[in-house]
Amino acid sequence: MFEIEIRTKKGFKNSHGEHVLSDISGIGIKGITEVEYFPLYVIDGGITSAEVGTIALELLSDKITETYICRYKEQSVGKSLKTESSAGIDVSETAACADSAILPHSAFFVIEVWYKKGVTDTVSESVIKAVKDLGIEKEIKVKTGHKYYLYGKVSQAVLNDIATKLLANTLVQEYVAQ
Amino acid sequence: MKKAKVLILRTAGTNCDCETQAAFELSGAVAERIHINALIEKKDKIFEYDILAFPGGFSYGDDIASGKILANEIKNKLGDRIKKFALSGRPIIGICNGFQVLVKMGLLPDPELFEQVSTLSYNDSDKFECRWVYLKTEKKIKNESNCVWTKNLPDIISLPVAHGEGKFIPDDRKLLDSLNENNQIVFRYSSKDGGKPEYPLDPNGSVDQIAGICSTAGNVFGLMPHPERYIFALQHPAGESFCRGYGWGKVIFQNAVDFVK
């Protein structure tokens, strides 16, 4: 299974990250100085790393403003985050395919948000259709998520506050913040 | 006289196809809304039409990025026909989501190249922006575009925008220079008097306030604002009319219909 992280290229505005930063400040939390937001896609189903590269380049990223990092993982799409340790948020993992490997630039926290098991992921259904349009006819499973890099200094309790108050609807989504 | 035939391509999430059809029909054309699956089944049907329109909406729910899935689908399944249609000189318009599709499949700014070299990215505000804006037309920009869609317009017109991803970004400075040199930038967001707009009149932070571009040949045209929403004067908040109750949006459709007559 592959996890693809879509990143904003250097020099382009990360509008949603800036919006989240403003929201964090808006609920009275201090200590976070920058936020970057990146969509995540997990694709499972016997596809090759070359196919994943094609999907990331041709479909999931914008050639002008975005780049991507792909990571190979052993876990399966159907599992809940709560049954796994670390849930794949270690950005130092080796990139299986990368347009350009970019690592965060300083001390940071990561919050990942995913749908809970059993919740319909409509974007994943669109991705499955679009992958077939690319000519990749394999039966795949897709899971979509959101990744936020938060730069600054805050406690774990505050991180959890940011996740539950701003980033995750805990009725249908689960998160990992660390 | 034979009426111009317009193909309005729709798919899941398209929601401005009926207004676009009405705009073309009011301009004297026969317009049909065709689902993409029907066109994929009979690919050469496209050549039965004089004009091709990609209407606004939220194709495939704007999933991944606005227009991206439809752009890929068209390029992979109809690419050769679409390119041939464009290079034949027949008019093509992409409105809002349709503009995003044209740019992301690479039909704009250069149908011959047919590669994505620019994008329409998230608005600077990270919000969906929906309002009437002012547009400087090619006349005000003082270029001499070949664009068949934007003739007979005054210096500044007003049209509504409604989008979350309308920030036009060319790949590099060289492309921007070439768009300027080739008179391909036909609409820019402006203030009421034609000056540089501030947010919210600049709704998205587009490079050089670009709101609409055209191919060098003048037949392929894309814009973020919605001309089909200003066909009648009554649609304007101030009821502004240029002629007998019509709005400036109608001129854009009329230009293409007259061109193919």
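**Exercises on a two-chain predicted model**

Apart from neighbours within four places in sequence, B:Lys5 is in contact with B:Ala29, B:Val30, B:Glu48, B:Tyr49 and B:Asp50; two residues are in contact if their C-beta atoms, placed from the backbone, lie within 7 Å. The model is predicted: local features need pLDDT of at least 70 and side-chain atom pairs count only at pLDDT 80 or more, while totals for chains, interfaces and linings use all residues. Residues are numbered from 1 along each chain as its sequence is written, and chains are lettered from A and ligands numbered from 1 in the order in which they are written.

**Exercise 1.** Determine the place of B:Lys5 and whether B:Lys5 is buried, partly exposed or exposed.

*Solution.* Step 1: B:Lys5 lies in strand S1 (residues 5-10) of chain B; strands (E, at least two residues) and helices (H or I, at least four) are DSSP runs, numbered from the N terminus. Step 2: a residue is buried if 20 or more other C-beta atoms lie within 10 Å of its own, exposed if 12 or fewer, and partly exposed in between. Step 3: B:Lys5 has 15 other C-beta atoms within 10 Å and is therefore partly exposed.

**Exercise 2.** Describe the side of chain B that touches chain A.

*Solution.* Step 1: 20 residues of chain B are in contact with 20 residues of chain A. Step 2: at least two residues of this side come from each of helix H3 (68-87) and strand S5 (118-121) of chain B. Step 3: H3(B) gives the most, five residues.

**Exercise 3.** Describe the sheet of nine strands in chain B and the helix H7 that packs on the sheet.

*Solution.* Step 1: the sheet is open, with mixed pairing, in the order S2-S1-S3-S4-S11-S10-S9-S6-S7; two strands pair if DSSP finds at least two bridges between them. Step 2: the edge strands, each pairing on one side only, are S2 (30-35) and S7 (156-163) of chain B. Step 3: from one strand to the next, the twist averages 25°. Step 4: helix H7 (residues 248-260) of chain B touches strand S3 (51-54), strand S4 (92-95) and S7, and its direction makes about 100° with that of S7(B); axes are lines fitted to C-alpha atoms, for helices over the stretch in contact, and angles run from 0 to 180 degrees between N-to-C directions.

**Exercise 4.** State how many helices and strands chain A has, and give their pattern.

*Solution.* Step 1: chain A has four helices and seven strands. Step 2: along the sequence, the pattern is β-α-β-α-β-β-β-α-β-α-β.
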